[in-house]
Amino acid sequence: MSRSVLQPSQQKLAEKLTILNDRGIGMLTRLYNIKKACGDPKAKPSYLIDKNLESAVKFIVRKFPAVETRNNNQQLAQLQKEKSEILKNLALYYFTFVDVMEFKDHVCELLNTIDVCQVFFDITVNFDLTKNYLDLIITYTTLMILLSRIEERKAIIGLYNYAHEMTHGASDREYPRLGQMIVDYENPLKKMMEEFVPHSKSLSDALISLQMVYPRRNLSADQWRNAQLLSLISAPSTMLNPAQSDTMPCEYLSLDAMEKWIIFGFILCHGILNTDTTALNLWKLALQSSSCLSLFRDEVFHIHKAAEDLFVNIRGYNKRINDIRECKEAAVSHAHIAELIFYMEELRAHVRKYGPVMQRYYVQYLSGFDAVVLNELVQNLSVCPEDESIIMSSFVNTMTSLSVKQVEDGEVFDFRGMRLDWFRLQAYTSVSKASLGLADHRELGKMMNTIIFHTKMVDSLVEMLVETSDLSIFCFYSRAFEKMFQQCLELPSQSRYSIAFPLLCTHFMSCTHELCPEERHHIGDRSLSLCNMFLDEMAKQARNLITDICTEQCTLSDQLLPKHCAKTISQAVNKKSKKQTGKKGEPEREKPGVESMRKNRLVVTNLDKLHTALSELCFSINYVPNMAVWEHTFTPREYLTSHLEIRFTKSIVGMTMYNQATQEIAKPSELLTSVRAYMTVLQSIENYVQIDITRVFNNVLLQQTQHLDSHGEPTITSLYTNWYLETLLRQVSNGHIAYFPAMKAFVNLPTENELTFNAEEYSDISEMRSLSELLGPYGMKFLSESLMWHISSQVAELKKLVVENVDVLTQMRTSFDKPDQMAALFKRLSSVDSVLKRMTIIGVILSFRSLAQEALRDVLSYHIPFLVSSIEDFKDHIPRETDMKVAMNVYELSSAAGLPCEIDPALVVALSSQKSENISPEEEYKIACLLMVFVAVSLPTLASNVMSQYSPAIEGHCNNIHCLAKAINQIAAALFTIHKGSIEDRLKEFLALASSSLLKIGQETDKTTTRNRESVYLLLDMIVQESPFLTMDLLESCFPYVLLRNAYHAVYKQSVTSSA
């Protein structure tokens, strides 16, 4: 070999090792993706599974690598048709294999050059050179093994070449060598064992240099613990001293990498195992450490079986096979990894957070210590050629020029040039016959290795984190990764570390390579989907724990409801009166609060366990505010917030216990108690996680005040509105329930068929306030609108009845002072009972609405007293001459706050929406006037009804006719506001007609007709009392007050008689 070839500076060993190692990883990535594509039926090249090409593919594989296109036209005919498509679609695969071959050529050439140069390798001295040399051998070995595992390699290469020959008349120029390489490397390790015989000396020297590093690093956790290797306080006097090591880069060298070097290295130069005890000890220790190696991503190498298969055919290797079998039993695997990963992530976060602090420290270290020591070492060198001297001086100058101010000013450091110069220098000084031999100046090598580590701590912190703690390999073990996560979540003691799994997804993109850009999207999507799944599962688990706590708290809260104290009161009363009730030996009911009494601290309740599990999991959710995964930002707390919103919504609706079949529903007060208990628990979540629980309440509770929530599901507003309208008020119409003004509640009447619910328990003042608290002003507005829709449908029917009797009513309107004519006309009226019944229903609905409005006013006065008093003041001081539109706006505001108004704005809106076809406004007005006439002249008929008797105890009538007062006033006010008539005039007209009709029954002698005459008289008083437009003076002018007084006297006397 010529002298120029042996010049180390011309061989560029450092540059070639750097480039080939990087390219090797890129080639591995491409081969890996080809293997995965061929293993996936969906991604596999279609030509390999095409039935028409099946015989051609089998023929090509059988004859591989020979090319026989003659006399095989029948088998290759289909190939001829698709040759251009095959060339186009298989080119990427084919040329990847060609690139592998070229890579192999470059590696073999470099290994030969290293052997010729007789390079000295020692991991503790020329670290970069030795590491890159061993890395290259492992990358090369891995590449050839991975290539041999692609089952379709012959089919792909053969198909492409046949298509090439058919198109261009000749094989591809790379094919002969490529085909031969595929055949040669059918059993890659066996072939490489032969290939590496010339390289044994260099490789074994490099491996044996690990003798001081690998055994020290490959210790168990217990050994580290006993030696207090990671303890900062084991030697207090040396705590402030900088940690120093002669083998600094070896301290963070991957154990996995060293094991690959030793296993594959000694397989390739196995002869040394028979002659060198050190080599054999390293080999045995590596065999004991694990049962398989990660070749690349999820491609693994089963060490013991493969080594045994290789050595079994070599004469005299029985001892080596026995070694392998012994070590196989010692190889172990580790479980419970979540906590370890979590602490790794915590350390990574600290390094990123305190990066500037570390920069300051190492900048001072480099300029104040390393530069001085290196300068001394260089000065003391006996021989230092000019080139080496210039490089060394540049190192010293670079370090001396550093200052803390550069860190403070945010200057970007870049020592890559300095590190590459040291790599080159290692190559120059490690060849045989070098002027300055690094083997003779080990201190210089060790010092420079330490300096290189210090420079990395200044400018390459992120790269160092990737190198030392990258766990992107989990990307390729999705199932195992998910299983580990589930196990972590199921163990309460481990759930606090579950955040480690989504954090690991931030590592995944670091395993991509620029030689295979197409996989970035695939890996990116996988990292996003896994991160999303982990965070979602964590939030679900926390939500389930919170739900269980809420259920327990709701049960405890339920025990404090008033209904549960009845039994306790009953027992106390019986005890006092010395009555013995109940069975003997009946256990005494536990009183609320007993669960808080503990005999000792060791007693753990279910609630304690739930709180412990929740606090552990919430620690994890709260660990990081957000995390970036492939240009997406994930916020763990938002997952919990959204899950809590969904669950809270479902729980509120679920707690109503609405049963459509039986029409059962929870009392508003009981639901409110449960909701408050639920909210108290949710409020306590803020102690564990930094989330805005008020936002959850606002979002959920505000949606519950609407008809449907954001998912289109029914809310408590729609459920309660539906129940009160379809169940409670329908039973009032059926005569099973009456409105008792004295109690301000609806009460069940004694009937044959008992109702399944007690109306009073759903409509008394406390229940209505609870309903207002739950539904809020928006929900109560929806309830009012629904009530008004029912009223408007009744008014529509009433108008039809008026139209049927329009002529008679028109005459009656002007004949009220002619008794005989009125009596004759009244007999011609039809549907009198229907009018009164419908007006009564309207009155009942309006009475229920007034209860709801009053409850709303009470609730709002408690929550927003100043605002309510301002609205009240505003309403009370509207000038009489104010425009009706302005007045209606004020009434609408007042009504929303629960304040009663002279004219009900909701009723006006509901009745305004009724549009009658082909009827003029004048006609509509006339119908409204006649409706009032119809009601007025129909009132006397109520006296003949048995149920029309007035009861002083309830301040009303059992058939709810006392509700007519509200109906008449409200309907008149609304109708004549719409038709711009005078409400006062129309009500005066109504009073005149009603009083004259009622006075007429005073002269009747038929007892049946006048059965409850006095009770009906009282209606006039009620109408006036209810009306803001009528006065007692006006009533006195139409109906003598003495009659009213006598009527009251009579009904009270009758009440006393009947009760006696």
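Me: Where does I233 lie?
Reply: This is a predicted model. I233 lies in the loop that runs between α12 (221-226) and α13 (248-251).

Me: Buried or exposed, I233?
Reply: I233 counts as exposed because its relative accessibility is 62%.

Me: Which residues form the nonpolar patch on the surface?
Reply: The patch is formed by L232, I233, M239 and L240, and together they have about 540 Å² of accessible area.

Me: Backbone next. Which residues does the cis peptide bond with omega of about 5 degrees join?
Reply: That bond joins F64 and P65. P65 is in the loop between α3 (54-63) and α4 (73-81).

Me: What is phi of R297?
Reply: Phi of R297 is near 55 degrees, so a positive value in a residue that is not glycine. Most residues other than glycine have a negative phi. R297 sits in the loop between β1 (292-296) and β2 (299-302).

Me: And what about phi of E631?
Reply: E631 is not a glycine either, and its phi is positive at about 65 degrees. Its place is the loop between β3 (627-629) and β4 (632-634).

Me: R297 first: buried or exposed?
Reply: R297 counts as buried, because its relative accessibility is 6%. E631 is exposed, with a relative accessible area of 81%.

Me: Changing topic. Where is M101 found?
Reply: M101 is in helix α5 (residues 83-117). With 2% relative accessibility, M101 counts as buried.

Me: Which residues is M101 in contact with, leaving aside neighbours within four places in sequence?
Reply: E174, R177, L178 and M181. M101 and E174 are 73 residues apart in sequence, with their C-alpha atoms 9.2 Å apart in space.

Me: How many aromatic pairs does the structure hold?
Reply: There are 41. One of them is Y32 with F476, edge-to-face, at 5.7 Å centre to centre and 75 degrees between the planes. This pair links distant parts of the chain, 444 residues apart: Y32 is in helix α2 (residues 13-39), F476 in the loop between α24 (461-469) and α25 (478-490). Y32 and F476 are both buried.

Me: What about Y362 and F453?
Reply: Y362 and F453 form an edge-to-face pair, 6.2 Å centre to centre with 85 degrees between the planes. Y362 is in helix α19 (residues 355-379) and F453 in helix α23 (residues 442-459), so the pair ties together parts 91 residues apart in sequence.

Me: Where does the charged end of R496 sit?
Reply: Over the ring of F619, 3.9 Å from its centre. K1000 lies over the face of F826, at 6.0 Å from the ring centre.

Key: Residues numbered from 1 in each chain as written. Predicted model: local features only at pLDDT ≥ 70, side-chain atom pairs only at ≥ 80, totals over all residues. Heavy atoms only, no water. Patch = residues over 30% accessible without salt bridge, like charges linked within 9 Å, V, L, I, M, F, W, Y side chains within 5 Å. Areas by Shrake-Rupley, 256 points an atom, 1.4 Å probe, with all protein chains shown as cover. Salt bridge = Lys/Arg side-chain N within 4 Å of Asp/Glu carboxyl O. Helix = DSSP H or I, 4+ residues; strand = E, 2+ residues; numbered from the N terminus. Buried < 20%, exposed > 50% of the residue type's maximum accessible area, 1.4 Å probe, protein only. Contact = heavy atoms within 4.5 Å. Phe/Tyr/Trp six-rings, centres within 6.5 Å; stacked < 30°, edge-to-face > 60°. Lys NZ or Arg CZ within 6 Å of the ring centre and 35° of its normal.
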